Amino acid sequence: MADDLAVDGVLTRLVPAAEGDLDLLAAWFATPAFVEHWGGVPQPRAVVAEKYVGRRRPRVESYLVLSRDEPVGYAQYWHADAADEGGIDLVLTPEARGRGLGPDAACALVTHLFGRLGWRRVTVDPVAGNARAVRAWEKAGFRQVSCEDGRLLMERRADD
């Protein structure tokens with residue numbers, strides 16, 4: 001993996017997901033605990049292949065989240081219609097939760113988006129009832145801007 005494509009946090013490293021990661025990602029996305037707040041329904045291998053191994057680049061960039069070189073989650077960012085903003089999605093394996101890895105990975109990705117790509121605004125949309133995720137996004141500097149149909153809209157702005 002080319003180092004210039006990786007995104008480094010303090011506790012995590014995000015590396016672009018690739019076709020070779022399909023078995024791992026398909027296993028994760030087939031696990032109810034992994035997708036509990038990611039649509040709530042296990043994903044078939046074909047859907048994982050289509051969406052989560054980098055086939056949607058450059059509109060959506062997919063990453064494995066690593067902790068100590070071990071895969072612990074999946075993250076992606078996607079471009080909005082405005083050239084300088086978009087959103088992040090992030091999910092960790094159940095074993096990796098509660099260790100500060102989510103906020104660290106989110107901060108690393110936001111730093112990348114603001115610094116390298118010149119974005120001005122990044123959004124996330126956790127399920128309102130997922131208190132753990134909401135706290136993690138808040139620790140990463142996101143603030144709530146709205147709530148609709150049980151989903152929060154949270155944002156970070158480059159000028160905050």
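In the largest pocket, the lining residues divide into 16 nonpolar, nine charged and five polar. The model is predicted. This briefing covers that pocket and then the aromatic rings.

**The largest pocket**

- The space in the largest pocket comes to about 730 Å³.
- Its lining is made up of 30 residues, and those nearest the centre are Leu90, Asn130, Arg132, Ala133 and Ala136.
- Two or more lining residues come from each of helix 2 (32–35), strand 5 (85–92), helix 4 (101–115) and helix 5 (131–139).
- Helix 5 gives the largest share of the lining, with six residues.

**Aromatic pairs**

- There are 11 aromatic pairs in the structure.
- Phe29 and Phe34 make an edge-to-face pair, because their ring planes stand at 85° and planes over 60 degrees apart count as edge-to-face; the ring centres are 5.1 Å apart.
- Phe29 and Phe34 are both buried.
- Trp38 and Tyr52 also form an edge-to-face pair, with 5.9 Å from centre to centre and 75° between the planes.
- This second pair links distant parts of the chain, 14 residues apart: Trp38 lies in the loop between helix 2 and helix 3 (45–51), and Tyr52 in the loop between helix 3 and strand 3 (60–67).

**Burial and clustering**

- Trp38 has a relative accessibility of 15%, so Trp38 counts as buried.
- Tyr52 is buried too, with a relative accessible area of 5%.
- One aromatic cluster is formed by Trp28, Phe29, Phe34, Trp38, Tyr52 and Tyr74.

Key
Residues numbered from 1 in each chain as written. Predicted model: local features only at pLDDT ≥ 70, side-chain atom pairs only at ≥ 80, totals over all residues. Heavy atoms only, no water. 1 Å grid on protein atoms, 1.4 Å probe; cavity = no way out; pocket = protein on both sides within 12 Å on 5 of 7 lines; lining within 4 Å. Points joined across faces, edges and corners; volume = space filled by probe spheres on them. Helix = DSSP H or I, 4+ residues; strand = E, 2+ residues; numbered from the N terminus. Nonpolar A, V, L, I, M, F, W, Y, C, P; charged D, E, K, R; others polar. Phe/Tyr/Trp six-rings, centres within 6.5 Å; stacked < 30°, edge-to-face > 60°. Buried < 20%, exposed > 50% of the residue type's maximum accessible area, 1.4 Å probe, protein only.
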